[in-house]
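Please open the structure in your viewer and keep the selection tool at hand. The tour below goes from one selection to the next and says what is to be found at each stop.

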Amino acid sequence: MNVTVSPAPIISPASSQSQKVGSAASCPVGMLTLFAGAILWLLCASLLGLTTSLNFHAPTLLAGHGYLSYGRVHAAQNAALLYGFGVPSALGLGLWLLCRLGRTTLAGPAIVFIGAIFWNTAVTLGVGAILCGGGTGFEGFEMPAWCAPILFLSYLMIGLCALLTFHQREPGPLYPSQWFVVGSLFWFPWIFSTAALLLLCVPARGVLQATTAWWYARNFDTVFLGFAGLASAFYFIPKILGRPLHSHYQAALAFWTLALFGSWGGMPDGAPLPSWIISLGVVGTVLMAVPILTVATNFYQTVREDLNTLDADPTLRFTYVGLFFWVIAGAQQIVGALPPVSVVTDFTWFGPAQKELFRYGFFAFTVFGAIYYIVPRLLDLDQSAWHPKLFKWHFYLTFFGVLISYISLLVAGIGQGILLANTGNSFVDVMRRTVLPVRSIITGDLLVALGTILFLINFASVLATACRRCCAERKESA
Amino acid sequence: MNSGPLLFLGLFATMACSWTGFVLAPQLQLGGLAQTNTVVVGDVLPQTYPLAQPGEAHAGSEVYRANGCAACHTEMVRPLDLGSDIQRSWGVRRSLAEDYLFANPVMLGSQRIGPDLANFGQRTDTNGVYLRLYDPGLITHGSVMPPYRFLFETRKIGFFPSPDALVLPDRDAPPAGFEIIPTEKARALAAYLLSLRQDGYLFEAPPPPLAKTNAIATNAVPAVKPAAK
């Protein structure tokens with residue numbers, strides 16, 4: 001590996017304190033649109049998730065309406081979460097980190113704004129189309145064929161601005177967060193175009209569609225979302241604690257091994273494929289232990305003297321809890337890929353449990369943390385603009401919501417797997433016996449949805465404060 | 001690692017690794033897959049496998065896609081030593097790449113909230129599909145599947161009752177003078193589900209070897225043990 005990190009005294013985020021990037025003067029509308037859209041879509045995904053959970057309580061309730069049937073709402077929820085929340089928040093986070101760490105301003109803010117509008121319009125149309133029966137049938141790549149090019153082009157608009165912002169950075173060493181942001185922004189267009197081409201434009205032959213869809217879904221989660229979330233953690237934890245990151249070498253090791261091994265796998269054992277593909281996937285997934293352990297030790301070494309102050313700051317609290325969930329989700333992925341385990345847990349709720357923890361527990365949490373830090377600074381306000389009570393409730397509701405959903409899904413998954421392994425249990429009997437934990441997911445969904453509503457209110461009140469102040473200043477100058 | 005171009009080059013290389021391994025190489029190995037012949041089983045001669053999907057079945061696969069059926073149903077049977085798929089008589093052999101040659105889109109699914117459907121066509125008939133879609137609890141007591149009533153139409157019985165009308169027990173029976181008939185979508189979906197059968201024994205998945213016995217050979221069909229559900 002061509003890692004050329006110069007040793008220790010590299011810039012730490014703590015040193016770029018006085019820099020004011022993307023203040024009101026440089027028009028942060030693009031980034032704010034990305035974040036606002038992301039939060040609205042997260043709420044939308046939570047509500048769609050509630051609808052799917054409702055199916056396990058009263059399957060006949062929504063039976064008369066095609067657009068509310070389980071399969072469609074499930075696909076729409078996935079699309080809203082991944083494309084409505086995931087991509088825009090990763091982009092907004094990435095753009096801000098590139099500005100801040102490169103000590104520069106955003107290149108082409110107008111293009112970012114237009115791109116964000118196009119992206120959100122495309123997601124709205126796409127999710128609507130999925131509810132009307134236009135989904136592709138591929139998990140993780142649900143957006144209909146006509147929607148994919150719009151998404152791709154609007155991503156390119158924003159991605160290009162990110163690239164220019166990165167290019168015009170002040171010369172100097174790169175901080176790990178910059179690698180992670182660049183990696184995540186670079187990864188998405190490649191996997192997305194591959195999937196769009198091989199699944200929608202020129203559909204691959206037979207089972208190759210399935211391998212492409214699995215490969216895409218794995219890369220989207222582990223590498224794209226993973227890099228974006230870690231970029232945020234690598235910036236905010238050292239920054240707010242005011243101490244340098246323990247080791248840049250370890251960060252580089254984690255970065256390259258995650259890029260290399262995180263992008264392998266995703267195929268269930270026993271899939272109708274040549275077995276080398278599945279084995280290679282298992283090897284890659286197990287080797288994910290390297291980046292997980294490296295990141296975990298690196299952060300532990302960084303924060304070990306501040307363990308009691310980790311709760312002090314909203315950003316810090318969300319970020320370290322998110323990081324903790326990342327380690328658990330990664331460990332579960334590794335254990336679940338081992339053949340003796342996967343034979344039991346494949347095709348059960350075990351997989352969705354891991355995804356829930358990764359997407360909500362890790363990614364959404366790091367994004368929340370980042371938004372609590374970034375948005376006041378974009379608007380020239382300070383941290384106190386956030387309502388502390390709303391923050392507190394947001395944290396506890398989402399934390400316990402995610403935890404309840406995760407544990408219920410995990411229990412349901414393991415139970416299902418063990419019961420199904422015994423051929424004496426009929427399939428429907430197993431489903432009936434494991435429906436109780438599946439039903440309790442609705443509690444978790446409800447808590448997460450409530451938390452997101454509080455977050456949205458808090459976000460709106462910060463925007464309103466900024467608007468009021470802006471108006472007052474204008475009156476004064478008039 | 002402080003140079004932008006070097007960072008991009010490294011990312012490109014790692015990405016290319018994954019792309020070559022999981023997109024390009026499978027394409028090279030399986031992209032040219034063609035119809036093949038089944039292996040000889042007893043006195044059954046080799047047959048072309050798989051056969052192309054009938055038009056109505058393809059239309060049905062679009063209904064399957066549109067309603068996200070793959071969210072709860074897989075379409076792949078794992079080998080005998082992996083899981084209990086074959087013991088649950090979801091298939092006689094493991095699924096192979098050849099089985100999906102004519103499917104588009106290929107919806108293998110990732111979760112089983114309902115049973116595997118790779119060989120659903122062998123387990124039921126048209127009426128069975130309709131009843132399961134209209135009221136899943138009718139055939140499988142305790143099913144968690146939601147009903148898909150929007151695929152059916154309740155209409156007034158005309159001069160003659162429709163031959164397609166669903167025969168339903170009291171709990172689902174339509175009001176007097178009305179009948180429930182499947183829409184075009186339900187018909188297509190049924191055609192698709194009934195076309196799902198991976199029954200050709202191929203070179204990669206030969207029939208299970210017959211047990212060697214000293215019994216005198218007969219022409220009688222061996223008694224099949226009833227499979228566990």
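What is the mean pLDDT of chain A, and what percentage of its residues reach 70 or more? The mean pLDDT of chain A is 91, and 94% of its residues reach 70 or more, where pLDDT is the predictor's confidence in each residue, from 0 to 100. This is a predicted model, in which local features need pLDDT of at least 70 and side-chain atom pairs count only at pLDDT 80 or more, while totals for chains, interfaces and linings use all residues. Residues are numbered from 1 along each chain as its sequence is written, and chains are lettered from A and ligands numbered from 1 in the order in which they are written.

**Start of chain A**

Where pLDDT is low, the predicted coordinates should not be read in detail.

**Between the chains**

Next, select the residues at which the two chains touch: 75 residues from chain A and 67 residues from chain B take part in the contact. On the side of chain B, the elements that give two or more residues are α1 (4-30) and α2 (55-66), and the largest share, 18 residues, comes from α1(B). Helices (H or I, at least four residues) and strands (E, at least two) are DSSP runs, numbered from the N terminus. Sorted by class, this side of chain B has 38 nonpolar, 22 polar and seven charged residues, with Ala, Val, Leu, Ile, Met, Phe, Trp, Tyr, Cys and Pro counted as nonpolar, Asp, Glu, Lys and Arg as charged, and the others, Gly among them, as polar.

**A helix with a buried face**

Now select helix α9 of chain A, residues 289-303, whose end C-alpha atoms are 21 Å apart, in agreement with the 21 Å that its 15 residues should span at 1.5 Å a residue; the expected span is 1.5 Å times one less than the number of residues. P291(A), I292(A), T294(A), V295(A), N298(A) and F299(A) are buried in α9(A). A residue is buried if 20 or more other C-beta atoms lie within 10 Å of its own, exposed if 12 or fewer, and partly exposed in between, with C-beta atoms placed from the backbone. Viewed down the axis of α9(A), the buried residues fall within an arc of 170°, so they line one face of the helix; the arc is that of the directions from the helix axis to the C-beta atoms. These buried residues pack against α6 (208-241), α7 (248-261) and α10 (314-337) of chain A.

**Backbone details in loops**

Most residues other than glycine have a negative phi, and most peptide bonds are trans. Select R103(A), in the loop between α2 (70-102) and α3 (109-131) of chain A, where phi is near 50°; R103(A) counts as partly exposed, with 14 C-beta neighbours inside 10 Å. F347(A), in the loop between α11 (339-345) and α12 (350-378) of chain A, has a positive phi of about 70°, and F347(A) is buried, with 25 other C-beta atoms within 10 Å.

In chain B, select Y49(B) and P50(B), which are joined by a cis peptide bond with omega about -10°. A cis peptide bond also joins N104(B) and P105(B), with omega about -5°.

**Last stop**

Finally, select P115(B), in the loop between α2 and α3 of chain B, which touches F427(A) and W90(B), not counting residues up to four places away in sequence.

Terms used: Two residues are in contact if their C-beta atoms, placed from the backbone, lie within 7 Å.
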